[in-house]
Amino acid sequence: MQDQPTLSGQRVFVVEDETLVAMMIEGMLEELGATVVGNESRFDDALNFVATRHEEIDVAMLDLNLGTRHSYDIAEAIARHGIPIVFSTGYNDSAIDAAWRKCPVLNKPFQLSDLQGALARALEARAA
C-alpha cells in the first residue's frame with residue numbers, strides 16, 4: 001500500500017444501503033486518512049445530498065444496487081459537478097452499464113488496498 005497515493009484530506013461521499021457494509025467502508029476510509037462527508041443509504045437522500053452539498057465532495061463511492069434501483073441517476077448528478085466516482089458491487093464488472101465502465105469498480109468483498117487503489121485511480125482521472 002505504500003506506493004499508493006495518500007487519501008489524507010480527501011472528502012468521500014458514500015452511498016451504501018447495507019448498514020454493516022457502510023460502517024466497514026467508513027472505517028476503512030478513516031484508516032486511509034480520508035474524511036466521510038456523507039453516508040446515505042436511500043436513493044432520494046443521496047440525490048438531495050449531492051444537490052445541496054456537492055461542493056464538499058472530492059470523490060464519491062456508490063453501491064451499484066440500492067434496493068431495487070441502480071445508482072446511475074445519483075452518479076449522473078455527481079458527474080455533472082465533475083466529481084469522480086467509484087462503484088462498488090457484489091456482481092461482476094459487466095453488470096455496470098457501458099456508459100459508466102470508465103469509473104473504477106470495487107467488487108465486494110474488497111480489501112483496504114483495493115479501496116485505496118480505486119479511490120486513487122478515480123482522483124487521478126479527475127486531475128488528468
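This is a predicted model: local features need pLDDT of at least 70, side-chain atom pairs count only at pLDDT 80 or more; totals for chains, interfaces and linings use all residues.
Trainee: In what order do the elements of the protein chain run from the N terminus on?

Mentor: Helices (H or I, at least four residues) and strands (E, at least two) are DSSP runs, numbered from the N terminus. The protein chain has four helices and seven strands. From the N terminus on, their order is β-α-β-α-β-β-β-α-β-β-α.

Trainee: What radius of gyration does the protein chain have?

Mentor: The radius is taken over C-alpha atoms, and the globule rule is 2.2 Å times the number of residues to the power 0.38. With 128 residues, a compact globule would come out near 14 Å, and the protein chain agrees with that at 13 Å.

Trainee: Which strand stands opposite Val-14, and at which residue?

Mentor: Two strands pair if DSSP finds at least two bridges between them. Strand S1 (residues 11–15) pairs with S3 in the parallel sense over four bridges. Opposite Val-14 stands a residue of S3, Met-61.

Trainee: And in S6, what is the bridge partner of Met-61?

Mentor: S3 and S6 run parallel and are joined by four bridges. In that pairing Asp-63 stands opposite Ser-88. For Met-61, the bridge partner in S6 is Val-86.

Trainee: How many residues of S6 are buried?

Mentor: Buried means under 20% relative accessible area, exposed over 50%, and partly exposed in between (1.4 Å probe, protein chains only). In a regular strand the side chains alternate between the two faces of the sheet. Ile-85, Phe-87 and Thr-89 lie on one side of S6, with Val-86 and Ser-88 on the other, and both faces are covered. S6 is largely enclosed by the rest of the structure, because the buried count is five of five.

Trainee: Which residues of S3 point the other way from Val-59, Met-61 and Asp-63?

Mentor: Strand S3 (residues 59–63) is mostly covered, with five of its five residues buried. Val-59, Met-61 and Asp-63 point one way, and those pointing the other way are Ala-60 and Leu-62.

Trainee: What is the relative accessible area of Ser-88?

Mentor: Ser-88 lies in strand S6 (residues 85–89). Counting contact as heavy atoms within 4.5 Å, and leaving out residues up to four places away in sequence, Ser-88 touches residues including Glu-16, Leu-62, Leu-106 and Phe-110. Ser-88 is buried, with a relative accessible area of 1%.

Trainee: Is Gly-67 buried or exposed?

Mentor: Gly-67 sits in the loop between strand S4 (65–66) and strand S5 (69–70). Its C-alpha is 26 Å from that of Gly-82, 15 residues away in sequence. With a relative accessible area of 56%, Gly-67 is exposed.

Trainee: Which residues of helix H3 are buried?

Mentor: Helix H3 covers residues 72–79. What covers its buried residues includes S1, helix H2 (43–53), S3, S4, S5 and S6. The buried residues of H3 are Tyr-72, Ile-74, Ala-75, Ala-77 and Ile-78.

Methods:
Residues are numbered from 1 along each chain as its sequence is written. Side-chain values use heavy atoms; hydrogens and water are left out.
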